[in-house]
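Subject: Structure handover

Hello,

Here is the structure for your files. My notes on it follow below.

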2 protein chains.
Amino acid sequence: MTSRVQHDRMANAIRFLSMDAVEKANSGHPGLPMGCADIATVLFTRFLKFDAKAPHWADRDRFILSAGHGSMLLYSLLYLTGYEDMTIDQIKNFRQVGSRTAGHPEYGHAAGIETTTGPLGQGLANSVGFALGERIMNAAFGNDLVNHYTYVLAGDGCLMEGVSQEAIALAGHLKLNKLIVFWDNNNISIDGPVSLADNTDQVARFQASGWNASHIDGTDPEAIAYAIEAARHSDKPTMIACKTTIGFGAPTKAGTNKAHGSPLGAEEIAGARKFFNWESPPFEVPGDILDAWRAVGTSGAKARADWEGRLAKADATLKGEFERRLAGKLPGNFDAVISEYKKKLSADKPKVATRKSSEMALEVINGAVPETIGGSADLTGSNNTKTSQTKNITSDDYGQRYVHYGIREHGMAAAINGLTLHGGLIAYGGTFLCFSDYARPSMRLASLMGIRSIFVMTHDSIGLGEDGPTHQPVEHLAALRAIPNHNVFRPADAVETAECWQLALKSEKTPSTLALTRQNLPTVRTEFSEQNLSASGAYELAAANGEAAVTIFATGSEVEVALGARELLEKHGHPTRVVSVPCFELFEQQSEDYRRKTIGNAGVKVAIEAGVRQGWDHIIGTDGIFIGMTGFGASGSIEQLYPHFGITAEAAAKAVEARLHSK
Amino acid sequence: MTSRVQHDRMANAIRFLSMDAVEKANSGHPGLPMGCADIATVLFTRFLKFDAKAPHWADRDRFILSAGHGSMLLYSLLYLTGYEDMTIDQIKNFRQVGSRTAGHPEYGHAAGIETTTGPLGQGLANSVGFALGERIMNAAFGNDLVNHYTYVLAGDGCLMEGVSQEAIALAGHLKLNKLIVFWDNNNISIDGPVSLADNTDQVARFQASGWNASHIDGTDPEAIAYAIEAARHSDKPTMIACKTTIGFGAPTKAGTNKAHGSPLGAEEIAGARKFFNWESPPFEVPGDILDAWRAVGTSGAKARADWEGRLAKADATLKGEFERRLAGKLPGNFDAVISEYKKKLSADKPKVATRKSSEMALEVINGAVPETIGGSADLTGSNNTKTSQTKNITSDDYGQRYVHYGIREHGMAAAINGLTLHGGLIAYGGTFLCFSDYARPSMRLASLMGIRSIFVMTHDSIGLGEDGPTHQPVEHLAALRAIPNHNVFRPADAVETAECWQLALKSEKTPSTLALTRQNLPTVRTEFSEQNLSASGAYELAAANGEAAVTIFATGSEVEVALGARELLEKHGHPTRVVSVPCFELFEQQSEDYRRKTIGNAGVKVAIEAGVRQGWDHIIGTDGIFIGMTGFGASGSIEQLYPHFGITAEAAAKAVEARLHSK
């Protein structure tokens, strides 16, 4: 055990690296690292199971800095403990373009950054997925291979964000007792004292959701250690409310919002040097202290080696499966299974809603891919997210594959990210497309991180009918397509749905959203194709009889409408082709040649989609005809609504003919 | 006081109208109205201050059905109490196109619908704004004119949504003691028992945020009345956890999720008729019961008349101001004040960030318009939302004009909607544009309702610098523009900022978002114009010297870049005009002629915006040149980032010249 003096010096190394980096960058947040250095030092020196030389060790404890603005705390720890890619130069290049040390921790920038944080509450909400993932993997692979803790450092902002409530209620419900959250209870937010906006008794709040929670002095190493020790033996998740001082050690700014988000300035830092009796120049850590930290960084090496020994000795099948899953690779027969299923669909030609097609595809996928974890934000029967293989995960049985996330779209999406980031699992979860708005901050982070989270969004248009405009997405396809690195799939039938699911599962660096109908749709892909046609994003579904005068582009439920319009137009002597566009993003990635050919040269270009026009001009041009929505929907039956909003084959054909005649 | 028998029969009228309407529509949610009929009956018959013949009476109590899927509860009450536009035919046309009785309550469809609900948690979060609005107006106009309660009926879903935590924490902090929430504690959600996903002790949770909370039998009229009476004399907001049975009275479906969201079917309804001994045919309410309800509907007539008497006798200035504010009309000198301010700006030519321009505009506006209520989600100093006139609203002093909303973007947006809907106030609130994602569900509802909520979104691009991609919006302008009926303003300088604020304040039926920079921008509108040029959405800011070969469209901070590119191109002999596009939505509303003229016929069209391309093709065409972002941003200084992502005058000019040479 480290002496108090040693502890203090080790903690101060974090403090000064943080101050120095923020000062040099002339930008950043010194307050949190200074206030929380004691917590981090106790956690890393006495508890955290990790090996800085093997940062991806599957059974490491996870440390998640939910208060991501305090990124220098994490970067300092990674440097001090000897993570190879976190050099002192990286620390000196804090917040510069191209550095690993971005303003907020960015997943993928450096080892040891378990998730991207910064948008408040996200890390805490991810952690529910991490901790649940650990339990699920533990149930599948046993204590020998999976047995670790998830530690989170959260700030006042994390706890004020609503997503935190969704997260803590879910964690409490699932009794994720290996989840341990430190709350940096420093009473300061950006505007000033937290009391300007909040008087919540956070300990009581967490307790109300089934957590252990208690107050400690967050600057007392023994109190911190005692609390962690107790938390590790609890049957509930634990929140430790750590009383700290933001910017601790800064002579005039400590304990104020001035220490939060700006460099302290030379004078304050000089004062802090005196206060802590710290004589090293900027970015230099005294040799003995660096040695001590480096020893911490490798202190887990034996545990890691032991674990590797256990893995090596494990049953070969179990070992193979564990390694396959951790590598994120699908079972070898995956493509064959999908291909066979597609063949059957093209023969059977089911007329079902794509939400049902999705369930059918999932029935096949969940049978072939044991690592999928399904769920829904309390719309299981509507999202069709549950299959025969996915029974409920409960606090008594983590060895199952379905999560009832409750009415918590945001918490669900964040937990899905956490499950995905944990490794070994492929997580998907459902809600109505309209409520993607609730989940959006986490969906964006999945895109930014480049991870395989999958979002199942049913009831994807006015086609949901009577629930009305509050539940009818009109702008959501456009809004989701606007997010970089996010594949938005809108399949037209059961075959495309299978293809889109195949793509989603194989998309390791891009999250996917599947937009699915409530209403039944015919099979339009009646001819079997081995190739995944949806993979090109858009493809010609029906050719024109002769040189095309008209091309109609459509997605999802409106492909049927497009085919109807084509029939009318062909009948009237206007050769018309139909292009199905299941995924804008993948189409955009095709060669210019393929794009040009697929868009074609027809004199009239039409798009049909029961959403807003935004985004479609890129395909049909500004003079293209758009058949879709121009405002919000309405409450009524689907039979009323499509004609009411003019989204019919007849309306499309009429608009085309008017255009043809005006030429 | 009504006898128990009378109470039961009155409550049953709600139950049967609800069952009948859902059955006839073959769609809807009978479970809540049946379970909560007792609560509603006690509230309306004994407490709610309202006059069905004067539904817009400013001092009425508000009743907000946060669990909006139970819309038939509200529609039944409105019909029974005699609201003129809620006829029995409307009830019979439940969920049909064109009816007032949409699937979920839609603000504006019928009197008595105080806010649009359905997306869960929104009504509860709006109610904080309603209750705060009441206190603010009370502080301004006194007990004689403003003194009413806000009652909310919320379901399990409302309480599971994270936004509920933001709402209750804020309400508790502000001690909104005239806010009274009934929780329909029926233990059932769509997937089944609430225990599938939640074990939160809701009473303890509310208490932790400074509420009174207690459990009652939600079917016992006296218990309900007692709890309301106690709540009305509390110094805190109150949550009454009402134990109910979903679908109460349905013989086999009561108490199960089968009663939640589908028609009960003839057999169950027949069973319920027996259970309640209810002999009237569908849609018929026994005469004595209808009479009793109608009497309730006019029981507030005297109170209303007394209030009108007090208003008539009030000080003429106070009365005039009260009436002006309630009518939502701005002070008569508003336009003149803005015009004068613009004149000064064009002369002074300040070089400031548009967030600062916004503060300067607000300093003028808040001085001229006493009903503005400002705020920020803990980014006051960054959003520049506070002016000399707006001191903090606290639980000790509601007579001020600034709300520290805490780190609660979603709760803030919902509260802004509530403040706006309450009447008499114009509310705005700030956060970073990136975190509009957190607030989006409420921003969408402002658009759907068509109300004057104003969202101040600063740090509107990579220009925010070092905080990095988690904080840098790239898709948010597009995503917000996708929402129907939402004006997204991105002003280029202090003059446009003043104009956009003027438009936002005058936009009574469309909410506004102002996207504002962190970084300084020069004044580009150096020539004073009386006319609000931003009102047309886009306008020629700089003409070409000669017939334009190039038109550059830009918004906000990139207008400066566009002007720089123009200078380079003109120097190279390419006549170039620049069009500033502060608001896509308003531009779309201009005449085809104006649009055509403004877009012009230049051979090369360019758009410059530090966001994604989506939406711009509509102006520049598919072959237009787009200078902007193609993916997420990065952490670095603004001086690094703009060149890094190729958003510079030089890059734009180079791209144009390459195009000109290839022609």
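For the charge count, Lys and Arg are taken as positive and Asp and Glu as negative, while His and the chain ends are left out. Each charge is placed at NZ of Lys, CZ of Arg, CG of Asp or CD of Glu. On that basis chain A carries 63 positive and 74 negative side chains, and the centres of the two sets are 2 Å apart.

The model is predicted, so local features need pLDDT of at least 70 and side-chain atom pairs count only at pLDDT 80 or more, whereas totals for chains, interfaces and linings use all residues. Residues are numbered from 1 along each chain as its sequence is written, chains are lettered from A and ligands numbered from 1 in the order in which they are written, and side-chain values use heavy atoms, without hydrogens and water.

Overall form of chain A

Chain A contains 26 helices and 20 strands, these being DSSP runs (H or I, at least four residues, for helices; E, at least two, for strands) numbered from the N terminus. Its radius of gyration is 27 Å, close to the 26 Å from the globule rule for 663 residues, so chain A is as compact as a globular protein of that length. The radius is taken over C-alpha atoms, and the rule is 2.2 Å times the number of residues to the power 0.38. The C-alpha trace of chain A spans about 90 × 55 × 45 Å along its principal axes.

Of the 663 residues in chain A, 69% are buried (under 20% relative accessible area; exposed is over 50% and partly exposed lies in between, with a 1.4 Å probe and protein chains only). Taking contact as heavy atoms within 4.5 Å, 78% of the contacts in chain A between residues at least 6 apart in sequence join residues at least 24 apart.

Cysteines

There are zero disulfides over all chains, a disulfide being a pair of cysteine sulfur atoms within 2.5 Å. For Cys242(A), the nearest cysteine sulfur is that of Cys36(A), 7.4 Å away. Cys242(A) is buried, at 0% relative accessibility. In chain B, the sulfur of Cys583(B) is 7.1 Å from the closest one, in Cys500(B), which is too far for a bond. Cys583(B) is also buried, at 0% relative accessibility.

Ala651(B)

Ala651(B) sits in helix α26 (residues 649-662) of chain B and is partly exposed, at 25% relative accessible area. Beyond its neighbours within four places in sequence, Ala651(B) contacts Ile627(B) and Gly646(B).

Regards
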